[in-house]
Amino acid sequence: MRSRRPGPADAEAPSDIKALDRKGLAAALAELGEPSYRTEQVLRWLYQRRIRGFDEMTDLPRPLRGALDDRFTIGRLHTEVCEASRDATRKYLFRLTDGATVESVGMPGARGRLTVCYSTQAGCAMGCLFCATGVGGFVRNLSVGEMVDQVAEVGADFGRRVSNAVAMGQGEPFANYDATLGALRLLNDEDALGIGARHLTVSTCGIVPGLRRFAEEPEQFTLAVSLHSAIQSTRDRLMPAMAAYPLSDLKAALGAYVDRTGRRPSLEYALIADINDSPVELAALVAFCQGLLCHVNLIHLNPAEGVAVARASAERLRAFERELAEAGIETSVRRERGSDISAACGQLRQSAPSG
Ligand code: SAH
Ligand code: SF4
C-alpha cells in the first residue's frame, strides 16, 4: 500500500488549541522549547481572560505568540440563542466552529451559586426512549475546550463564578471519555475555572468500562448513574444501548467504585407512567440499592419533543420517596428547573429552539 506523504499544508494545518487538555498543551509548549510555566500563562489567557487571539497574550514573548499563531487557532462558541425561564434558569444554544450546535443551561442558586449543565457530545447515540437528545441521534463528540467553554460562557453571561458544573446536557460523557476527563480537569484547574472537584458531576447512562476507569481517577469528582429501572427487561426497553451492560455488572461496578473511592454515587430514576413506576419496579429498585452506598435521585419525567412516554403521577413519586426512605436509602427529588423553556433534563435537543 502506498502511503500518502503529508504535504506542507497537512503538516502545518492549524488546529484548535482548546482541543488540548493541560498535558497536551504542556507537551506542545515543550516542543516549542518553552519552560513549563508557559502552560499556566496560556491556560489563564484562554480560559480566564478568554482572549480571542494569540496577540493578546501580552506576557508571552512575541516570537512565541507568532509560533502559536502559526500552529493553532483559538476555538470559540457562538451564542445563537439565550432564553430565560421564569425561575431565572437560562438556556443557551451554542454554535461550534464547524456549525454543530449544543445546548447548555445555567441555574443560579442561593448565596451567589451558579450551576452549569453542559453537553459532552452534540446529540447522543444511546437512543434512550424518554430523552429528547436520544431521540434526535448523534452528531459528534465535543472537544475539551468546547466543554469548558460552555461553562465559562454561561458564567460570563451571569457575571458570576461558576460554583458547580454537571455533565448532564446532551451526550454520554463516557462515550467521549478522554475529552470529558480533560475538560473536568480544566474545570477543576486553578489556572482555568477552579471549580472544586466535588462540585463537578458526571452523569452516565451506565457504560460499565467507563465507570471502572472513572473509579481509578485520582480526583474526587462526583458520579451520577442513570438507572431508571432495576428490572433488566424494563431497562433494556428504556435504554436500549445499555443492554450491553447488564444490571448485575452495573451493580458490581458501582460497588467497586464505592470501595475504591469511598464516595457515594447517585442513581437517577425518572418516573415514567406505567413503565417503571409500579410497586414491582419499586421493590426491584430497593433491592438494587441494598448493600450499596448510594443516593437515589427521583426525577419527574419532563415532557420532550419526540418522546412518547408520560410522567408518573405525583402519588407514585411520593410512594417511591416514602418506601425508599423506609428502607433506609438516601433519597431526594430533583427540582424541576427551566421546563417552560425546555431546559429541563432530557429536553435538550439538536435544532434551534423555536419562538
Ligand atoms: N447521558 C448522560 C447524561 C445526560 S442526560 C445520562 O444519561 O446520564 C442527564 C439526565 O437527564 C440523565 O439522568 C437522564 O436520564 C435524564 N433525562 C433524560 N431524559 C429525561 C426526561 N425526559 N425527563 C427527565 N430526565 C431525563
Ligand atoms: Fe443519551 Fe443520556 Fe439522553 Fe440516554 S439519557 S439518550 S444517554 S443523553
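Trainee: How many bridges join strand 10 to strand 11, and which way do the two run?

Mentor: Four bridges join strand 10 to strand 11 (residues 222–226), and the two run parallel. Two strands count as paired if DSSP finds at least two bridges between them. Helices (H or I, at least four residues) and strands (E, at least two) are DSSP runs, numbered from the N terminus. Bear in mind that this is a predicted model, where local features need pLDDT of at least 70 and side-chain atom pairs count only at pLDDT 80 or more, while totals for chains, interfaces and linings use all residues. Residues are numbered from 1 along each chain as its sequence is written, chains are lettered from A and ligands numbered from 1 in the order in which they are written, and side-chain values use heavy atoms, with hydrogens and water left out.

Trainee: Thanks! What stands opposite serine 203?

Mentor: Alanine 224 in strand 11 does. Right-handed here means that, with the strands pointing away from the viewer, the path from the first strand over the helix to the second runs clockwise.

Trainee: And what does strand 9 do with strand 10?

Mentor: Strand 9 (residues 164–167) runs parallel to strand 10, with three bridges joining them. One pair to look at is alanine 167 and its bridge partner, valine 202 in strand 10. Strand 9, helix 7 (residues 177–188) and strand 10 make a right-handed β-α-β unit.

Trainee: Is strand 10 buried or exposed?

Mentor: Five of the five residues in strand 10 (residues 200–204) are buried. Buried is under 20% relative accessible area, exposed over 50%, and partly exposed in between (1.4 Å probe, protein chains only). Leu200, Val202 and Thr204 point one way, Thr201 and Ser203 the other, and all are buried. In a regular strand the side chains alternate between the two faces of the sheet.

Trainee: Switching to the ligand: which residues come nearest to ligand 1?

Mentor: Phe130, Ser203, Ser226, His228 and Glu268, out of 19 residues around ligand 1; a residue is near if one of its heavy atoms lies within 4 Å.

Trainee: How far is an oxygen atom of ligand 1 from the side chain of serine 203?

Mentor: The oxygen is 2.6 Å from an N or O atom in the side chain of serine 203. A nitrogen atom of ligand 1 is 2.8 Å from a polar backbone atom of phenylalanine 130, and a nitrogen atom of the ligand is 2.9 Å from a polar backbone atom of asparagine 302. The protein covers 96% of the 520 Å² of accessible area that ligand 1 has on its own.

Trainee: Now strand 13. Why is it described as largely enclosed?

Mentor: Five of the six residues of strand 13 (residues 295–300) are buried, so it is largely enclosed by the rest of the structure.

Trainee: Which strands pair with strand 13?

Mentor: Strand 12 (residues 266–271) pairs with strand 13 in the parallel sense over six bridges, and strand 14 (residues 330–333) is also parallel to strand 13, over four bridges. Tyrosine 269 has leucine 298 as its bridge partner, and histidine 295 stands opposite glutamate 330. The crossover from strand 13 through helix 12 (residues 314–326) to strand 14 is right-handed.

Trainee: Last one: how many helices and strands does the protein chain have?

Mentor: The protein chain has 12 helices and 14 strands. Of its 355 residues, 53% count as buried.

Terms used: A polar contact is a pair of N or O atoms within 3.5 Å; within protein, one must be able to donate a hydrogen and the other to accept it, and residues adjacent in sequence count only if both atoms are side-chain atoms. Accessible areas come from the Shrake-Rupley method with a 1.4 Å probe; for residues, only the protein chains shown count as cover.
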